[in-house]
Amino acid sequence: MFKRIWGWIQRFSSPKHFYDISGKMIPWFAVSALLLGVYGLYMGLFVAPTDYQQGESYRIIFIHVPAAWMSLFIYMVMAIASAIGLIWQIKLADMVAAASAPIGAWFTFLALVTGSLWGKPMWGAYWVWDARLTSELILLFLYFGYMALQSSIEDQRTADKASGLLAIVGVVNIPIIHYSVEWWNTLHQGATVAKFDKPSMHIDMLIPLLVMAFAAKLFYAAVVLVRARNEVLMRERNRQWVRELVEKI
Amino acid sequence: MLKAFYHLLARDLRLAFRLRHELANPLIFFVLVVSLFPLAVTPNAELLQEMAPGVIWVSALLSVLLSLDRLFKQDYEDGSLDQLMLSPNPLVILVLAKVAAHWLLTGLPLVLIAPLLGLFMYVPAEANGVLMLSLLLGTPVLSLVGAIGVSLTVAVNRGGVLLSLIILPLYIPILIFGANAVDVASDGLSVRGQILFLGAVLAMSISLAPLATAVALRITASR
């Protein structure tokens with residue numbers, strides 16, 4: 001039983017098989033991400049009611065919160081994929097991890113930018129050392145560290161393993177960093193940050209938010225597959241099947 | 001196993017004492033950076049006192065960071081790192097010995113010189129003890145976590161900036177709690193929570209970081 005599953009995993013994770021399958025999956029993910037994204041944005045920007053405290057400016061939440069969720073989610077995916085790559089020596093997992101990093105960094109950056117744009121009308125300044133913004137900034141640094149290590153080691157296998165280990169160490173540290181930043185924030189800032197406690201969200205706001213979060217996940221799925229396919233072609237460029245593929249084009 | 005630990009520790013200490021001039025460098029760097037702040041900002045006692053915990057802690061952090069290089073670099077270049085990995089002793093123990101030696105040579109001197117810097121920065125006398133205690137608990141963590149980063153980057157040409165890029169974000173919790181402990185102690189309040197947190201992180205790093213370092217060394221050696 002176990003042997004058969006193992007064999008199945010190995011067959012599925014072979015670069016060529018992955019290349020074929022992912023090529024068929026990408027359009028589905030991309031189209032559904034687009035549809036859901038358009039629907040979610042329409043619902044969020046035009047249909048959802050105006051917030052009685054924050055007026056219209058709260059609507060950036062429909063970008064900001066999904067981006068922030070994705071930034072953490074992608075780091076988790078990276079760490080899990082790296083662990084799979086390190087433990088079971090599945091090259092495909094390493095490629096997925098490597099392909100995920102820039103996407104995660106962009107989502108983190110997006111969360112930071114939308115957060116500071118939101119902060120301007122709410123806090124009166126583009127940047128406030130708020131606990132979540134600060135954690136997000138540190139997360140961005142973690143992504144940068146991962147990408148820097150990945151690109152500075154020439155040998156691909158070593159680069160994968162080294163940066164994979166870094167991702168795992170990072171994931172152990174994320175909760176510690178998060179809670180210490182939160183703790184630091186309650187000590188230093190507290191009063192200066194206007195605390196708008198969140199009443200349970202109105203359902204008309206919650207649904208577009210969840211739709212947008214789902215759209216972001218699908219978008220990530222589509223982009224990470226495209227990037228992973230690129231990685232496959234790059235790394236297997238000396239293989240027969242890649243040559244045949246290129247010649248066909 | 002314990003024998004291997006002591007031998008490696010003794011070897012590293014002996015090697016370091018043969019190159020005595022290098023030994024003082026992180027310490028001088030530490031003092032130098034801290035004394036830049038009054039020059040750059042203001043010699044005003046009140047302001048300096050307020051900045052002191054952060055300034056001293058950040059300088060300690062940078063000083064350890066710059067000294068991390070010598071943890072594995074030389075051993076990597078002359079091949080003794082490969083010998084260590086071939087030895088029958090568990091690599092985790094050997095890593096622990098190397099980190100212990102590194103801390104004794106860089107972390108401990110920082111702890112001992114800290115009261116002098118507290119004097120420079122007008123840290124109240126009663127907070128000086130907490131400053132030393134927080135550094136005593138915090139600097140070993142800096143060495144332990146730093147060892148992971150060094151073992152990943154030791155084979156990279158000009159890995160220095162890369163090392164800071166991957167290690168500094170991991171140092172943030174220590175910085176927050178270490179500096180805050182001194183800050184709170186200056187106001188005469190209890191620092192039990194901060195000290196306990198630093199102790200907890202130290203316990204966690206001692207048990208986990210050498211494992212990660214050992215894996216990282218094997219990855220580096222496998223190329």
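**Figure 1. The contact between chain A and chain B in the predicted model.** In this predicted model, the contact draws 27 residues from chain A and 24 residues from chain B. About 2200 Å² is buried between the two chains, and carbon and sulfur atoms account for 85% of that area. On the side of chain A, the residues that lose the most area to chain B are A:Leu165, A:Ile176 and A:Trp183, which together make up 22% of what that side buries.

Figure 2. The elements of chain A that give two or more residues to the side touching chain B are helix H5 (131-152) and helix H6 (156-188). Of these, H6(A) supplies the largest share of that side, with 17 residues.

**Figure 3. A nonpolar surface patch on chain A.** The side chains of A:Trp106, A:Phe109, A:Val113, A:Leu117, A:Tyr126, A:Trp127 and A:Trp129 form a nonpolar surface patch of about 740 Å². One of these residues, A:Trp106, belongs to helix H4 (residues 91-123) of chain A, and A:Trp106 counts as exposed because its relative accessible area of 58% is over the 50% cut-off.

Figure 4. Over all chains the structure holds 9 salt bridges, among them one in which the side chains of B:Arg11 and B:Asp12 meet at 2.8 Å, N to O. B:Arg11 is partly exposed, with a relative accessible area of 26%, whereas B:Asp12 is buried at 11%. A salt bridge also joins B:Asp75 to B:Arg11, at 3.2 Å, N to O. This second pair links distant parts of the chain, since B:Asp75 lies in helix H4 (residues 69-78) and B:Arg11 in helix H1 (residues 2-18) of chain B, 64 residues apart. B:Asp75 is itself buried, with a relative accessible area of 6%.

Figure 5. The side chains of B:Asp12 and B:Lys98 meet in a salt bridge of 2.8 Å, N to O. Because B:Asp12 lies in helix H1 and B:Lys98 in helix H6 (residues 91-120) of chain B, the pair ties together parts that are 86 residues apart in sequence. B:Lys98 counts as buried, with a relative accessibility of 3%. Through shared partners, salt bridges join B:Arg11, B:Asp12, B:Asp75 and B:Lys98 into one network.

Definitions and conventions: Residues are numbered from 1 along each chain as its sequence is written. Chains are lettered from A and ligands numbered from 1 in the order in which they are written. This is a predicted model: local features need pLDDT of at least 70, side-chain atom pairs count only at pLDDT 80 or more; totals for chains, interfaces and linings use all residues. Side-chain values use heavy atoms; hydrogens and water are left out. Patches are made of residues with over 30% relative accessible area and no salt bridge: like charges are joined within 9 Å, nonpolar side chains (Val, Leu, Ile, Met, Phe, Trp, Tyr) within 5 Å. Accessible areas come from the Shrake-Rupley method with a 1.4 Å probe; for residues, only the protein chains shown count as cover. A salt bridge is a side-chain nitrogen of Lys or Arg within 4 Å of a carboxyl oxygen of Asp or Glu. Helices (H or I, at least four residues) and strands (E, at least two) are DSSP runs, numbered from the N terminus. Buried means under 20% relative accessible area, exposed over 50%, partly exposed in between (1.4 Å probe, protein chains only). Contact means heavy atoms within 4.5 Å. Buried area is the accessible area (1.4 Å probe) that two parts lose on being put together, summed over both.
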